[in-house]
Amino acid sequence: MTAVTYELIKVCKQSGARLGKLHTPHGTFETPMFMPVGTLATVKTMSPEELKEMGAGVILSNTYHLWLRPGEDIVREAGGLHKFMNWDQGILTDSGGFQVFSLSDLRDITEEGVHFRNHLNGEKLFLTPEKSIAIQNALGSDIMMAFDECPPYPASYNYMKASVERTSRWAERCLEANENPDTQALFGIVQGGEFEDLRKQSARDLTSLDFPGYAVGGLSVGEPKEVMNEVLSYTTPLLPDNKPRYLMGVGSPDSLIDGAIRGIDMFDCVLPTRIARNGTCMTSAGRLVIRNAKYARDFRPIDENCDCHVCRTYSRAYIRHLVKANETFGFRLTSYHNLYFLIKLMECVRQAIREDRLLDYREAFFEQYGFNKPNARNF
Ligand SMILES: [Zn+2]
């Protein structure tokens, strides 16, 4: 018995997207779903109570950051991450790999692991597949991710091939290192960049290890959206139907819909909260930059089609004033709305799958959002 199982409910006849349920030790959640990111055991500016109220099911936390601060021992002593941060629903932790590769300039990759310097104080550190799993075991997340290499985009074919092979060997070590397979599910990560045969090789290697779930990694790293969609189109069919599929680091509304159409069940991204702290909002009519002067006397909500707590209560003019004045409350309001917007969007995607009309939904959403216009501004 694995800690996390996936139940396929139906496939959209129009688009091929999957409607399913993810059963975890901390509840059952409908998919496709969006997972808010709580890097340091907090989704920036949001309380767990607010996340629950807006319908967040699973949230993500970062192993690398919690390893450095406060340290996994303190989280273990607190009774695990769920207790430490007062979140009784699902938690997914990443492996730390992405941060090691993106935050650190000085790193040395060996078969054993990665030597790098801590981005806070320059201290030398060494992260291995076993160490990543030991930290995630201490954190007690429901879903853990295998430690993988995240090559930059673009990477040469030969580099990518060596990297994929090392990632497969590391994946096997991660599986062996997991001390709590009954309560913590470990997902494998398919890499391979934009090379179809390497994606195939990676998927074959990882599915032979029979993970309880699979992620598609190495996307949303600077490649054009068409490349991402193409890679997904040939990668998801390589993954077993009875396991969940997670597209890492993707959170723009168009990519969530296009990912679901290509058989993805889970998404996460810092995008909604990061742009919120800039004063940028996602709305049903496209992006809205709340700082703009034209909203100074605009007493309508951020999004007239949104029924979130913020849109029912506060005006653009008020939120603009707060954001311009750098008031924390302003960023709380934009963060709340953006997260709610994506959680609601996934609810609409699930409803469209249920009714076999996800391609129609996509068309209408893209039209209204402005994605179909030439030079449409995306995130
Ligand atoms: Zn709203």
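Predicted model: local features only at pLDDT ≥ 70, side-chain atom pairs only at ≥ 80, totals over all residues.
Two or more residues of the lining are supplied by each of helix H5 (97-103), helix H9 (225-235), strand E14 (266-269) and helix H11 (271-276). Among the contributors to the lining, H5 provides the largest share, which amounts to five residues. When the lining of the largest pocket is divided by class, 20 residues are nonpolar, 19 are polar and eight are charged.

Once the neighbours within four places in sequence are left aside, the residues in contact with Asn-229 are Asp-258 and Arg-262.

A separate part of the model holds a zinc ion, for which the protein donors are the SG atoms of Cys-306, Cys-308 and Cys-311 together with the ND1 atom of His-337. These donors lie 2.1 to 2.3 Å from the zinc ion, and along the chain they follow the spacing C-x1-C-x2-C-x25-H. The angles subtended by the four donor atoms around the zinc ion run from 98 to 121°. The arrangement is tetrahedral because these angles of 98 to 121° fall within the required range, in which all angles lie between 85 and 135 degrees.

Leu-322 is located in helix H13, which is made up of residues 316-324. With a relative accessible area of 6%, Leu-322 is classed as buried, since the limit for this class is set at under 20%. If residues up to four places away in sequence are not counted, Leu-322 touches Glu-327, Phe-329, Gly-330 and Leu-333. Leu-322 can also be related to Arg-291, which is 31 residues apart from Leu-322 along the chain, and the C-alpha atoms of these two residues are separated by 9.5 Å.

Definitions and conventions. Residues numbered from 1 in each chain as written. Heavy atoms only, no water. Helix = DSSP H or I, 4+ residues; strand = E, 2+ residues; numbered from the N terminus. Nonpolar A, V, L, I, M, F, W, Y, C, P; charged D, E, K, R; others polar. Contact = heavy atoms within 4.5 Å. Donors = N, O, S within 2.8 Å, 3.2 Å for Na, K, Ca; no water. Tetrahedral: all angles 85-135°; square planar, octahedral: opposite > 155°, others 65-115°. Buried < 20%, exposed > 50% of the residue type's maximum accessible area, 1.4 Å probe, protein only.
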